[in-house]
Amino acid sequence: MRPLRTFAVEPALPDKLAPLRTLANNLWWYWHAEARDVFRRLDPALWEAVHHNPVAMLGKVSQDRLRDAAADQGFLAHLERVQSTLQKYMGKGGWWCTRYGEPSEPCVVYFCAEFGLAECLPIYSGGLGVLAGDHLKSASELGIPLVGIGLLYQQGYFRQRLNADGWQMELFPRNDFHNIPVEPIRHEDGSPLMIEVDYPGRNVAARIWKVQVGRIPLYLLDSNLPRNSPEDRQITAQLYGGDQEMRIRQEIMLGIGGVRALRALNLHPKVYHMNEGHSAFLGLERTRLLMHDNKMSFDEALQAVIASSVFTTHTPVPAGNDAFEPWLIDRYFEHYWPQLHLSRDQFLAFGRQDPGNRDEPMNLTVLAMQLSSYRNGVSRLHGAVSRRLWHNVWPSLPMREVPITHITNGIHTRTWLSDDMTELYNRYLGPDWEEKTTDEEIWKRLDDIPDTEIWRTHERRRERLVAFARRRLHQQYAARGASRTELRTVEEVLDPEALTIGFARRFATYKRATLILSDLERLTKLVSQSDRRVQFIFAGKAHPRDNPGKDLIRQIVHIARKPELRRSILFLEDYDMAAARYMVQGVDVWLNTPLRPMEASGTSGMKAAANGVLNMSIPDGWWDEGCEGDVGWRIGSGETYDDLDFQNRVESEALYDLLEKEVVPLFYDRGRDGLPREWVRRMRNAMRKLAPVFNTNRMVREYAERFYVPASQQWDRLTANGMAKARDLAHWTGRVRSQFPGISIESVTDDVQGESRVGAPLKVRASIRLGELSPEDVQVQLFFGNLDTDGQLTQGDYTEMAWTGQNESGGSHTYEVQVTCQDTGITGYTLRVLPRNENLTDPKSLGLVRWA
């Protein structure tokens, strides 16, 4: 039945409890234990029932309980203390203000398709979203002048249920936006703030909502409005739902709609950060608006957009990058490219590795890279993988010089650290440790913590994990209609004192969740020793359309039902941020077995390490950097084989050997006091060495120093004086592109007579025709180093050659340089010509190189 009128009903809080509403709507509470305890104290059972959702809780708690709390002086003192802490936090400047001064408006906008901020805001699916959420939290801690842009999904990602056979089923409960920590943005007259986005034959409206993340606002777009067609209301219905056509609609809304939302909010950030390619269309919309507002050409506007854009790729395989067939781009953009004064082929070329291939789809990762000056992978290894993967975008460059760097991911430590460990840190590291998570000197204070305190703290976390796992397993069994006898067996699952190994992540085949199950005889022996028990907890979701991933879950469930294994192996349904916290805080070993190099970074192991959990992982992603010294274990040495079955066999053998010969004996090597002192030493090493490096305060600060600040400065330079330098740079770029093919290297000579010696000088002279270009337009570089075994010059150093004049006829130009022979062996050199302009962020990005 359709209602005659609709309106929102808010909880009736007593005046003394009014601060609860402000607190509930700022996710700062999520990473502050005392703030969470305010809501838990109000009604512990209800707090759990609403999945730690303070907004829903305030709407459900009884008025009697609210009146009692308003008269409880202890509760009011607790609330006042938390309110005061929040107010002080919101007024602090942070690292950015100390380094760069007080910002007048947001400098950076961060786009992402998902944000994992809290389990009560289910608009995330996994690692990408959780990283984005941690990025915002650390931006808040550091005082970065940043805002976020995303989509507000009615259903978010799915809830997971397993049927009797262990097969994953998906449930899609709807989010009630009035009972989660989001607030609508309104005009002064109270009407909702809207934007419109052009789709084929119609405009689609979207409402803007806000999530407050400490000091950082996150704005989310919602197309589920009565004025839109049923089809268009589905654009923000489901995270990663639907077919390719729904995906392009969502990404148009995120990229183009997100830029229009910023304008509607009267926000004018200088730097745009695309976290993964889903928002890549934003670069085109920014260009269109600059063209309109400043009466500029496409090329002129594009220079300012490229100079101020940052792109982070998270995907190490081509299939993981969104790409749309030309017919689909035609359908959604044939009205749009004329506004950019581009032809169809010119438009599509921005998303193609081979612009001349008219059948190639438009790839959003390529589009984002072409429209950015700053590009990075999310670990050192992933940076190298990305340079290899996208080498064809810059085919004239050596692979190592493909302009994609890396900034290794991190975690927001306060979000993932257990309350018990936080108290320990507060006592020994000092109350300000959380503001200095990158200070290695502070983390050295971990050496002052007695072994007994570290171990007893961890044991409490393991006990809580076992209790949580039993509760969750009981709920799983009860939901499937299990008998009383079956429900009673849940109490026998897991041992709170046994070595506990956790594996929790997205269930994709390359993550190889079942590698540990490949030898059931050895596995059974591991879990069956009464004096050295080992147990495994698995959790994670497969994509709804990933049947092979679902089959991995089913295999684990079936193996866990074997009588000899059922007490020691279990699979927890419906993995979310709440379950993740229990696991990374409570297991003893965090297991990760991806097929190298398909793990771009991975952050779950970082969360575990901050809590003193030891990692045991294939050296992939972040662990390729992190596993140095006694902080955990490498499975294998990073070797790869063409035969996947052989690879699995080799690495499963290595895994079992580690468990049997090192991990299990070390855990159960106890002194007279019952402490595994060598194990505790490794725990302390992991926290001291890994926590100050693999955190998002370090990561976001690195983005700020390497990308945000230079991009902001470049934006200021190019847009000053009516966009004068952007216009000049566009004209210069066009001239250089047209004239660069006319460059020719006529001759190269040196003064080497036969062999040379270490320390001897080498003088090289080159004669180069520049055509219509001048020496100011180019730079000439000598590449000098030792040859590899194939006689190729792959390693060495670049040295700029000096222009020494032009011949009398006005033809060729002479360049010279002198270098020193540093190493013995077969040595060689070559040289190249690159464009040069002080307003170019990276000359190599143009892809213009003339080699000798």
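This is a predicted model: local features need pLDDT of at least 70, side-chain atom pairs count only at pLDDT 80 or more; totals for chains, interfaces and linings use all residues.
**Ground rules.** Local features here need pLDDT of at least 70, side-chain atom pairs count only at pLDDT 80 or more, and totals for chains, interfaces and linings use all residues. I number residues from 1 along each chain as its sequence is written, and side-chain values use heavy atoms, with hydrogens and water left out.

**Entry 1: strand S7.** I started with S7, residues 202–213. Strands (E, at least two residues) and helices (H or I, at least four) are DSSP runs, numbered from the N terminus. How many of the S7 residues are buried? Nine of the 12 are, so the rest of the structure largely encloses this strand. Buried means under 20% relative accessible area, exposed is over 50%, and partly exposed lies in between (1.4 Å probe, protein chains only).

**Entry 2: who pairs with S7.** I then checked its partners; two strands pair if DSSP finds at least two bridges between them.
- S5 (residues 183–184) runs antiparallel to S7 and is joined to it by two bridges. I found Glu183 opposite Lys210 of S7.
- S6 (residues 194–199) also pairs with S7 in the antiparallel sense, over six bridges. Here Val197 faces Val204 of S7.
- S8 (residues 216–222) is joined to S7 by seven bridges, again antiparallel. Leu221 in S8 is the bridge partner of Ile208.

**Entry 3: the turns.** What sits between S6 and S7? They make a hairpin with two residues between them, and Gly201 in that turn has a positive phi of about 80°. S7 and S8 form a hairpin too, with two residues between them; Gly214 in the turn has a positive phi of about 65°.

**Entry 4: helix H18.** Next I went to H18, residues 419–429. Which of its residues are buried? I listed Asp420, Met421, Thr422, Leu424, Tyr425 and Leu429. They pack against helices H19 (440–443), H20 (451–479), H25 (604–610) and H28 (677–690), where contact means heavy atoms within 4.5 Å. Just past H18, Gly430 has a positive phi of about 100°.

**Entry 5: a four-strand sheet.** Last, I looked at an open sheet with antiparallel pairing and the order S21-S22-S26-S25. Its edge strands are S21 (744–750) and S25 (802–806), each pairing on one side only. S21 is joined to S22 (residues 761–769) by six bridges, and the two run antiparallel. I noted Ser747 opposite Ser767 in S22.
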